[in-house]
Amino acid sequence: MKIIVNGSERETSEGRTLEGLLEERKLDPQRVAVERNGAIVSRERFAATLLEEGDTLEIVHFVGGG
Amino acid sequence: MKIWLNEQQTEIADGATLFMVRARFKPKADVTILNGFPLREDHSLDEGDRVVLIRRGERPSPQELEALMASRHTPGVHERVKRAAVGIAGAGGLGSAVAVALARSGVGRLVIADFDVVEPSNLNRQQFFVDQIGVPKVEALRENLARINPYVQVSAFNGRLDSGNIAGVFAGCDVMVEAFDGADQKAMLVETCRIRLPQVPLVAASGLAGYAPSNTVVTRRAGTRFYLVGDGETAARPGEGLMAPRVGIAAHHQANAVLRLLLGEEPG
């Protein structure tokens, strides 16, 4: 199925969770902020969030320094 | 007609010029500012113009000082930012510089939060002084901001921010700034603000270490009422330090994004 991640169309498998997608992209869930279809998804909901065809995700991965 | 002279509404004769006003009200003034810009030549005046006359080196009265400090602002900015409150989470390289820029801009209230004390390794990029080593950062920053602009109200929270206290500490803020050091702390603050303070625009930063080219630091919209400053990838790590210029560039991107938001403009 197709989803949109940070503005680009991506193919991902049916039944993929948000947690699974982050793992696939090698992103540490403790260092990301995720918006799904315009709504922020809290960290504790990553594992339970099942991605659906056409989902639009904005994933910001933070790096340290300030 | 009426003009604003040193922020006081003042009646002047129709057709009066800048220098005529100076001759009448402050003949010894050697700085004449019209609508935010200093002029050396005479200029015509219109109803509602803002004229500031300053005599170099003269200590203005407390009533006059605030107006004179804002006289190089773009007209109309001061009244709007004066009413605003901005929350700054973290008083390190980003937060201390954002706070200084916003205090100079005359933002009415700053809420600053940090749990740390000033230490020597902070001084390569943070807006503190050697004699403040050991002082809680929020106290040291409050002191420095008061010396820069005593008309800014500073609320300081000396403690650790977590998902349970963030909404309370920053209640009433019009814009939020994420200015932490650690990536996981940045993510925690962003998640918490966007869930608990969903109406408040948030300006975060990520990717500002080292001395890579300045123009790789950008401001972009990264979600609903969420703006991100930085190159997105240059992490502080062994071999990649944090340097005053680039941290300052990112901090000033953040401060300008805040100013734009307070003035109703899109930052990115």
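Entry 1, the interface. I looked up the area buried between chain A and chain B: about 1800 Å², of which carbon and sulfur atoms give 59%. Buried area here is the accessible area (1.4 Å probe) that two parts lose on being put together, summed over both. The contact (heavy atoms within 4.5 Å) draws 18 residues from chain A and 31 residues from chain B.

A note on the source: this is a predicted model, in which local features need pLDDT of at least 70 and side-chain atom pairs count only at pLDDT 80 or more, while totals for chains, interfaces and linings use all residues. Residues are numbered from 1 along each chain as its sequence is written, chains are lettered from A and ligands numbered from 1 in the order in which they are written, and side-chain values use heavy atoms, with hydrogens and water left out.

Entry 2, charges across the interface. I counted two salt bridges between chain A and chain B, the rule being a side-chain nitrogen of Lys or Arg within 4 Å of a carboxyl oxygen of Asp or Glu. I noted a salt bridge between the side chains of Arg194(B) and Glu35(A), at 2.2 Å, N to O. Strand S3 (32-36), S4 and strand S5 (56-61) of chain A are the elements that give two or more residues to the side of chain A that touches chain B. Helices (H or I, at least four residues) and strands (E, at least two) are DSSP runs, numbered from the N terminus.

I read five strands in an open, mixed sheet, in the order S2-S1-S5-S3-S4; strands pair if DSSP finds at least two bridges between them. Strand S2 (8-11) and strand S4 (39-41) of chain A each have a single partner strand, so one side of each is left without a neighbour in the sheet. S1 (residues 2-5) and S2 of chain A pair in the antiparallel sense over four bridges, and Ile4(A) has Glu9(A) as its bridge partner in S2(A).

Strands S9 (residues 175-178) and S10 (residues 202-205) of chain B pair in the parallel sense over two bridges, with Leu202(B) in S10(B) as the bridge partner of Met176(B).
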